[in-house]
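I am opening a notebook on a structure that is new to me. I will go through it one topic at a time.

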Amino acid sequence: MVATPQLNGEALKAVKHRGTHLQIIASAGSGKTEVVSQRVADLLADGVRPDGIVAFTFTERAASELKERIELRVVDRMGPASIDQLSGLFVGTIHAYCFRLLQMHVPEYENFDVLDENQLTAFACREASRLGLRQFDESNRLFRSVARFLENVDVVENELLDGDELPEEFRSVLTDYYAALGRYRLLTYGQQIRSAVEELGRPEVAARVHDQLRHLIVDEYQDINPAQETLIGRLTGPHTELCVVGDDDQAIYQWRGSDVENIVTFADRYAPVTSFTITTNRRSRPEIVRTANSFAKSIPDRLAKAMRSHRPSAGSAPRVVVWDAEDEQAEASWIAEMVCDLHDAGLPYKDIGVLVRTRAAYSKLLAELNASGVPVQPGGRTGLFDQPEAEVLGKTYCWLTDVDWRRPYEPGSGVELGSLLAEHESVFGLQDQQHVNRLKRHLSRWRTTSRDEDRTADLVGDFYDLIDVLEVRNWDLDDPVRLSSLGTLARFTSLLADYESVRRRSRQDADNYGEQVGGEWAGEWYHKNLAIHIVNYAHGNYDGFDGEPDVTVDAVDITTIHKAKGLEWQAVFVPSMTKNRFPPSRMGRKRDWIVPRGLFDAARYEGSDADERRLFYVAISRAREWLSVSRHARVTKQSAQPSPYWTELNAHHIDPSDIDLPTVDSRSSTDEDPLAVTFSDLASFLDCGMAYRLRTLIGFQPRLAPELGYGRAVHHLLRRVAEQTQSVGAVPTESDVEQMLDNHFFLPAANKAAHRTMKDAAKVLIQDYIKNHEDDLHRVWETERPFELHLDAVTVSGRADVILDEENGVPSALAIVDYKTSTDGSTDPYELQLQVYAEAGRREGLDVRGAYLHDLKGTRQRIEIDTVTIASAERKVEEAAHKIRNREFEPAPGTRCRTCDVRTICSARHQ
């Protein structure tokens with residue numbers, strides 16, 4: 001374990017400060033994550049309860065890094081046993097916290113799902129006709145109207161605008177849109193914030209939150225939007241100290257509604273505030289720091305500060321080079337050559353980043369790097385359809401339904417079967433004509449069945465059938481090229497699953513209380529709309545394969561600057577610094593908003609020179625050892641003016657042929673990152689290592705089944721039953737249960753008939769439970785209780801369904817009960833689950849004396865949790881973690897293969 005860094009000066013003062021709200025201005029590379037983690041450890045050492053601390057991060061990745069660092073600092077400060085006392089500490093995104101708050105205080109949200117941006121677009125396209133969205137585009141275009149509507153919805157949600165102030169035609173559609181989301185039991189990211197703000201406006205909810213919350217920490221505060229700022233204000237109760245961390249120079253998300261004024265004016269709005277400024281840059285060489293400082297002075301209305309260098313100068317070669325090339329291809333060729341030279345001198349590819357303003361710069365860069373044999377990281381760095389496998393698959397769905405294929409900004413054309421087969425043969429390496437003919441027959445059958453109005457569509461299942469014909473199961477997953485291609489196929493299943501999950505989404509039946517209506521499920525137009533969605537939306541909005549977690553792939557990162565936030569590389573290239581690319585030509589251009597401009601700061605969303613300067617500052621401050629900033633003089637045959645930012649760095653100008661590359665060492669670490677898994681993932685690995693790899697690590701999605709969500713719905717009903725029993729002191733009557741079922745039993749993919757059948761089954765389960773286990777309902781201590789078991793090799797997290805008190809008549813004694821709608825006759829993984837939760841609870845200090853596996857079909861089994869059994873369970877978990885870390889993904893062929901979603905990808909499948 002790396003020793004805890006010793007902080008001093010302003011950083012140490014920020015860790016130790018108590019008594020007022022706190023603002024930490026942390027310059028790029030200054031180690032703010034370390035400061036925050038040590039502050040949390042210091043609070044815990046002072047006796048603050050873990051559930052009294054909430055830390056917000058901007059991304060899930062940042063949350064994982066911060067939580068891991070906090071655990072290390074807590075152990076170093078308070079000893080190994082202290083890590084088991086962290087249950088209740090929240091480290092995560094604002095959206096994740098809001099969803100948790102809603103589910104805790106408004107139980108019906110347990111049946112809701114959250115839509116990401118891709119799913120939301122698919123949903124809006126599905127509902128476009130019913131909502132009348134096409135009115136918002138003068139040419140009546142579907143995807144343009146959906147995009148315009150949703151960007152205005154974002155404004156309403158980001159700014160917490162009052163609907164009564166909106167134009168009537170937009171307000172009425174917005175009202176119908178929110179009603180539709182409610183019928184489908186769906187939430188958007190914006191709704192999570194707005195709904196949480198509304199709940200915190202209820203005195204009883206605010207009181208419960210404020211009774212617990214003592215320290216709220218907000219990272220990347222410069223990127224907070226007005227709705228999030230309102231949430232933060234409502235969370236900051238009379239006994240809560242608010243600590244915000246950020247840097248106004250790195251505010252780069254104004255186009256999503258963030259307002260840099262939040263951090264600039266924080267001290268005035270939350271007085272009394274104590275401010276600390278951490279300006280020592282521990283990342284970059286002095287020349288890079290000086291360049292970043294010099295450029296930052298050009299950002300208007302910034303907080304006064306200047307970074308200080310921590311690292312020494314090294315060598316005589318320039319650490320910042322600014323250069324130009326004749327055209328874009330020549331620029332990309334020079335970059336490829338320099339990348340090869342850096343690699344030949346010993347720098348791994350993974351320590352090199354190429355950061356662009358927009359993905360328009362990808363094409364030439366990827367072509368030249370590929371021609372030079374330079375591997376490129378696929379994950380989130382390039383679009384999904386930049387990969388040949390995704391492109392031929394997209395064409396396949398167009399051919400199925402006679403939709404023209406086209407790339408963005410290019411004219412479309414029909415897809416011919418002959419050329420499609422030839423492309424499949426080339427991309428997937430089909431071995432012979434016999435294989436091609438087999439594919440042809442499969443595609444022809446698929447084209448026919450896809451138009452069958454009586455056949456239930458199964459987009460992901462049909463895709464797996466195609467993969468079977470293409471014999472992807474024979475690919476060598478030790479080959480990084482093949483692995484990347486397999487990841488592209490997995491990302492394509494995400495596209496299909498996103499589309500299918502909203503198109504087939506069920507909704508409440510407005511005409512029949514307690515029933516639901518199924519979604520779209522079959523026919524030519526179901527598939528045709530998918531092809532249209534791929535061509536007009538997915539093609540430009542889905543990122544490529546992220547790579548397998550915990551695997552270091554030696555490849556160059558090509559990414560947009562927005563996605564580079566929080567990352568760093570030894571060597572950084574910032575190319576395409578032409579006037580219309582950086583800043584882009586659309587910067588500051590007034591847009592035709594539906595929401596009246598007088599209701600919000602429209603200019604903030606439209607961008608400004610200040611915003612683009614902050615973005616460029618972020619780009620150049622990602623470099624540790626060496627920075628290249630370049631442009632090209634011509635675009636096609638037209639001359640291109642340089643970006644003003646490139647010109648302002650002209651003191652470092654050099655001809656590319658004269659660049660003397662410095663010797664740059666790798667930053668590779670020999671330290672192993674802690675392995676953190678959910679119990680469900682661990683159980684999946686124990687069931688079959690290969691299936692775990694394909695599903696969890698590479699990302700292949702499951703088929704959509706009508707019974708999806710049944711277990712969650714039953715668990716939700718049991719929670720309602722328990723809460724009502726606790727509230728009124730008596731178990732619900734049969735009539736109460738029926739009302740609960742009518743109000744809350746929801747299955748996202750079931751049609752009316754399937755919903756009725758499963759609702760009747762759930763009613764029997766609930767009534768039997770009340771009849772046979774009434775005593776449980778009077779003993780409920782807590783429901784949906786989170787646990788974490790920290791072992792030497794792994795941290796396992798999960799959530800217990802219910803904890804009962806008064807086990808064996810002892811008031812302090814607890815019992816954990818895990819409900820299953822069906823155990824299929826096997827109890828092995830469930831026994832281990834309860835043993836993990838029991839030990840985690842005991843390490844927290846809970847008096848756990850019982851554990852029960854409860855099959856809701858009637859049986860309850862006591863699970864052993866004695867010392868010997870727990871020790872055996874821990875060894876099993878650690879052995880599994882060791883295998884995961886060492887990538888021992890052994891398949892377990894057998895009867896399970898027959899129902900395995902990913903069987904067509906697995907070479908070891910049991911026939």
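**Entry 1: the model**

I note at the start that this is a predicted model.

**Entry 2: an open sheet**

I found six strands in an open sheet, in the order β3-β2-β6-β7-β1-β8. The pairing is parallel. At the edges are β3 (90-93) and β8 (273-278), and each of them pairs on one side only. From one strand to the next, the twist averages 15°.

I then followed one pair. Strand β1 (residues 21-26) runs parallel to β8, and six bridges join them. Opposite Leu 22 I found Thr 274 in β8.

I also checked a helix at this sheet. Helix α4 (residues 94-105) lies across β2 (53-57) and β3. Its direction is at about 115° to β3.

**Entry 3: Thr 4**

Is Thr 4 buried or exposed? I found it buried, because its relative accessible area is 14%, under the 20% cut-off. Thr 4 sits in the segment before α1 (9-16). Beyond its sequence neighbours up to four places away, Thr 4 touches Glu 34, Gln 38, Arg 73 and Asp 76. With Asp 76 there is a polar contact, side chain to side chain, at 2.5 Å.

**Entry 4: cysteines**

How many disulfides does a search of the whole structure find? The search finds zero. A disulfide is a covalent bond between the sulfur atoms of two cysteines. I looked at Cys 900 as one case. The closest cysteine sulfur to that of Cys 900 is in Cys 897, 6.4 Å away, which is too far for a bond. Cys 900 counts as buried, at 18% relative accessibility. Cys 340 is buried too, with a relative accessible area of 18%.

**Entry 5: nonpolar cores**

I asked which residues have the most contacts inside the largest nonpolar core. They are Phe 149, Phe 170, Tyr 177, Leu 486, Leu 489, Phe 492 and Phe 700. This core has 97 residues. Helix α20 (residues 480-503) gives the largest share, ten residues.

I picked Phe 492 and listed its contacts, leaving aside neighbours within four places in sequence. They are Leu 384, Phe 385, Ala 390, Leu 393, Gly 394, Tyr 397, Phe 463 and Ile 534.

Another core lies apart from the largest one and has 36 residues. Among them are Leu 675, Ala 800, Val 848 and Leu 853. In soluble globular proteins, nonpolar side chains tend to be buried together.

**Entry 6: helix α13**

Why is helix α13 (residues 286-296) largely enclosed by the rest of the structure? Eight of its eleven residues are buried, so the helix is largely enclosed. The buried ones are Pro 286, Ile 288, Val 289, Thr 291, Ala 292, Asn 293, Phe 295 and Ala 296. I looked up what covers them. The cover includes β9 (280-281), β10 (308-309), β11 (320-327), α24 (609-620), β17 (623-635) and α25 (644-648).

**Entry 7: strand β23**

Strand β23 (residues 848-855) is also largely enclosed, because seven of its eight residues are buried. I traced its partners. With strand β22 (residues 814-820), β23 pairs in the parallel sense over seven bridges. Tyr 852 in β23 is the bridge partner of Val 817.

With strand β24 (residues 859-862), the pairing is antiparallel, over four bridges. There Asp 855 stands opposite Thr 859. The hairpin of β23 and β24 has three residues between the strands. In this hairpin, Gly 858 takes a positive phi near 140°.

Definitions and conventions: Residues are numbered from 1 along each chain as its sequence is written. This is a predicted model: local features need pLDDT of at least 70, side-chain atom pairs count only at pLDDT 80 or more; totals for chains, interfaces and linings use all residues. Side-chain values use heavy atoms; hydrogens and water are left out. Two strands pair if DSSP finds at least two bridges between them. Helices (H or I, at least four residues) and strands (E, at least two) are DSSP runs, numbered from the N terminus. Axes are lines fitted to C-alpha atoms, for helices over the stretch in contact, and angles run from 0 to 180 degrees between N-to-C directions. Contact means heavy atoms within 4.5 Å. Buried means under 20% relative accessible area, exposed over 50%, partly exposed in between (1.4 Å probe, protein chains only). A polar contact is a pair of N or O atoms within 3.5 Å; within protein, one must be able to donate a hydrogen and the other to accept it, and residues adjacent in sequence count only if both atoms are side-chain atoms. A disulfide is a pair of cysteine sulfur atoms within 2.5 Å. A nonpolar core is a set of buried Ala, Val, Leu, Ile, Met, Phe, Trp, Tyr and Cys residues joined through side-chain atoms within 4.5 Å.
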